[in-house]
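Subject: Structure handover

Hello,

Please find the structure below, with my notes after it.

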Amino acid sequence: MSEPEAIAEAKERLQYVDCDAMVGFVEDIFVAQDVRTWAKVLSENNPRCEDMIKAVIDYAPKCRIGEAVGCCIDAFVAEDLQEELVDLLSNMILRGTEEHHRHKTVQNLLLIALSNLANEEAAREGTKAMLMKKIRALNSYDWKDLAEMMTEIDLFEEAFVVYNKFKDTKSALSVLLHHMKDIERAKDYACFCESDEVWDMIKACEDGAGNQSV
């Protein structure tokens, strides 16, 4: 059966299923790639929304259709299911195919979602710990863009770890000097960098601070 035929058949089957009964039709929902269906089953008005989300998170790593997975992720984003999106993406990386594990977009979305959660005023310590763990464990994400985003939302320690991991010592030092304002830690860090340039950055920062105090 061709992919268009499979999509059409899945959509037809779903026409005769009540919204609260769709937990048993998760595979069809993925195959159908229908935005309206996703909106219905993930809506808080669906009495079995929580069961649906659990079923989707469990099935997602088994799905081999890239477009279907993308449609699912878009649906979670559209419904602002940030914590659930983290669970979905984490499960795909942990239990999915090698392609899922190494997929740049999946890793980017996971780290962005975790960063947004960590930046909330009531963020749990476990969220920040999980973000740091994923930063260190994953390797395929767009690290420059993510580190810049983390800096913009005041996740300075996390941004520093990203820059340091990918050996961008100047940017890592800049976070310490200009955002964390920790010149002593910057000096300790510079001792491990084989570069005169980082010491020049520290001297410039100290000179700047000295001029401002005059």
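T151 sits in helix 10, which spans residues 143-152; helices here are DSSP runs of H or I with at least four residues, strands are runs of E with at least two, and both are numbered from the N terminus. This is a predicted model, in which local features need pLDDT of at least 70 and side-chain atom pairs count only at pLDDT 80 or more, while totals for chains, interfaces and linings use all residues. Residues are numbered from 1 along each chain as its sequence is written, and side-chain values use heavy atoms, with hydrogens and water left out.

T151 has a relative accessibility of 14% and therefore counts as buried (buried is under 20% relative accessible area, exposed is over 50%, and partly exposed is in between, with a 1.4 Å probe and protein chains only). A polar atom of the T151 side chain lies 2.9 Å from the backbone oxygen of A147. Leaving out residues up to four places away in sequence, T151 touches F156, A159, V175 and H179, where contact means heavy atoms within 4.5 Å.

Next, the core. The largest nonpolar core has 71 residues; such a core is a set of buried Ala, Val, Leu, Ile, Met, Phe, Trp, Tyr and Cys residues joined through side-chain atoms within 4.5 Å. The residues with the most contacts inside this core are F30, W38, V56, F76, L88 and I135. Apart from neighbours within four places in sequence, F76 is in contact with L42, I53, V56, L81, E84, L85 and L88.

On cysteines: how many disulfides are there? The count is 0, a disulfide being a pair of cysteine sulfur atoms within 2.5 Å. For C71, the closest cysteine sulfur is that of C72, and it is 7.8 Å away, so the two are too far apart for a bond. C71 is buried, at 12% relative accessibility, and C49 is buried too, at 11%.

Last, the backbone. Most residues other than glycine have a negative phi. Q33 has a positive phi, near 55°, and lies in the loop between helix 2 (26-32) and helix 3 (35-42). With a relative accessible area of 21%, Q33 is partly exposed. K181 also has a positive phi, near 55°; K181 is in the loop between helix 12 (169-179) and helix 13 (183-191). K181 is exposed, at 62% relative accessibility.

Regards

How values were computed: Polar contact = N/O pair within 3.5 Å; in protein donor to acceptor, adjacent residues only side chain to side chain.
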